[in-house]
Amino acid sequence: MKRTLAVILAGGEGERLSILSSLRAKPAVPFGGKYRIIDFTLSNCVNSDIDNVVVLTQYNPRSLNDHIGAGRPWDLDRNYGGVRMLQPYIARGRVAEWYRGSADAVLQNLNVIEQASADAVLVLAADHIYKMDYQPFVAAHRRHRADVTIAVRRVPLADATRMGILALDEDDRIVEWHEKPRQPKSDLASMGVYVFSKRALHRWLTDTRPDFGLDVIPAMIEGGARVYGYRFNGYWQDVGTIQSYWEANLALLSDAPELDLYDREWIIHTRSEERAPAKIGATAQVHRSLISHGCVINGSVVNSVLSPGVVVDVGAVVRDSIILFDSVVRPGAVVDRAILDKEVAVGPGAIVGEGTDYDIVNRREPGRLNTGITVVGKRAVIPRGVRIGRNVLIGEGARAADFVSRVVRSGSTVERPRERVARVGTRARVGDASGAREALAGEPNPVDPEADTAGKSRSGGRRASGEMGD
């Protein structure tokens, strides 16, 4: 595989992940307790003996840069090859702009690809959870003398509208392609994993074809290029929505999960700081959960995934939830069917995720929060005794003064005034004056003036070099 270069597309904004990707790129979102989403693609590369990797970033790249660094956890800190992080840049004579699509990102970095000795170029999405050996994939590409080979798999028809849907002939050549069709005719979908010949990239990438699925692949098929599919039957999951992200995390808790994180033959590498082992106290009850290092559990944790440094105090209950790094759940609090971002403090006796009205969608983000999952943003503080319903969005850094009532009804949103002003500015640019007036109307009343001190003694705020970033 030394003649193969991997180009990882890691610039995605991931809007469907709501507040989880508002401060970080989607590939940097934590997954499975201790990992980040991009860890799976990087680990696939090194486990497939590919040690020449380029990562193309764009949206909120700081956390990705911090996480990957020089690539040491993946054995990619090398003098020759290794991993390189590339951001959009301004070239003389070119209008300054962001990447206009996946193909445009590769086109703008063709000079890097040209310098590589590789003749095959893997183009990989960084926002999927999967385990894949790229060696037989590249071997099939060479065997067919293909211009491009696309990894494909069967998906539920309900998901097919979000993907490139295709048809293969008896030789696995792609004869039909429909990008995100409204009424899919097939359940055979592209995984967003390609291997191109370097020659084909030079021929088919142009300024008028900014996206692989929408532009480049259809043009290649219509132009008679050798476009092949590679059937993949292993684990692969698009975690691009709050519901799919929550389901994929909790699926790790089954007795025989499809994604085996304990497979010593295919290790998922990540950057991780040194922390003490997880501590399960005398009053703790833990059932079917993943508890990462540095956690201190004195309450009840049921069917949940806890990242490093999470604290669950005496009498607290965490159920069917995902709790990210250094968050704390104080005595008597309940977290049910919720996702808490990093360094969140849930005050004593508070309830995050209350009631059975799962079908009351979030009024601010109805297309993202509509399955009963409540999401709390980074470093938010939930005041003592507050009761929060389903499909609620709590903004980053929310404090007691941002809660107008001790009961936050299902489908509501609580956020800091500066976030409301930012949203108002966005609306004003598109002419939504009524939304601006509504967002600026009134000042919230404080609920618990002592709530901001709830997290001062927690482990949040201690960020060692191993787990930097958002």
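This is a short tour of a predicted model, moving from a sheet to a helix and then to a pocket.

Begin by selecting the strands of the open sheet, which has 7 strands in the order β16-β19-β22-β25-β28-β31-β33, paired in the parallel sense. At the edges you will find β16, covering 290–291, and β33, covering 413–414, each of which pairs on one side only. As background, strands of a sheet pair through backbone hydrogen bonds, either parallel or antiparallel.

Next, zoom in on β19 (residues 305–306) and β22 (residues 322–323), which pair in the parallel sense over 2 bridges. If you select valine 305, you can look across to β22 for its bridge partner, isoleucine 322.

Now select helix α9, residues 242–251, and ask how many of its 10 residues are buried. The number is 8, so the helix is largely enclosed by the rest of the structure. Among these buried residues are Tyr245, Trp246 and Leu250.

Finally, turn to the largest pocket, whose volume is about 1,100 Å³. Of the 39 residues that line this pocket, select Ser102, Ala125, Asp127, Lys180 and Asp211, which are the closest to its centre. The elements that give two or more residues to the lining include α3 (102–107), α8 (212–222) and β13 (236–238), while β11 gives the most, with 4 residues. Coloured by type, the lining residues divide into 15 nonpolar, 13 polar and 11 charged.

Methods
Residues are numbered from 1 along each chain as its sequence is written. This is a predicted model: local features need pLDDT of at least 70, side-chain atom pairs count only at pLDDT 80 or more; totals for chains, interfaces and linings use all residues. Side-chain values use heavy atoms; hydrogens and water are left out. Two strands pair if DSSP finds at least two bridges between them. On a 1 Å grid over the protein atoms alone, a cavity is a set of points where a 1.4 Å probe fits but cannot get out, and a pocket is an open set with protein on both sides within 12 Å along at least five of seven lines; lining residues have an atom within 4 Å of a point. Grid points are joined across faces, edges and corners, and a volume is the space filled by probe spheres set on the points. Ala, Val, Leu, Ile, Met, Phe, Trp, Tyr, Cys and Pro count as nonpolar, Asp, Glu, Lys and Arg as charged, and the others, Gly among them, as polar. Buried means under 20% relative accessible area, exposed over 50%, partly exposed in between (1.4 Å probe, protein chains only).
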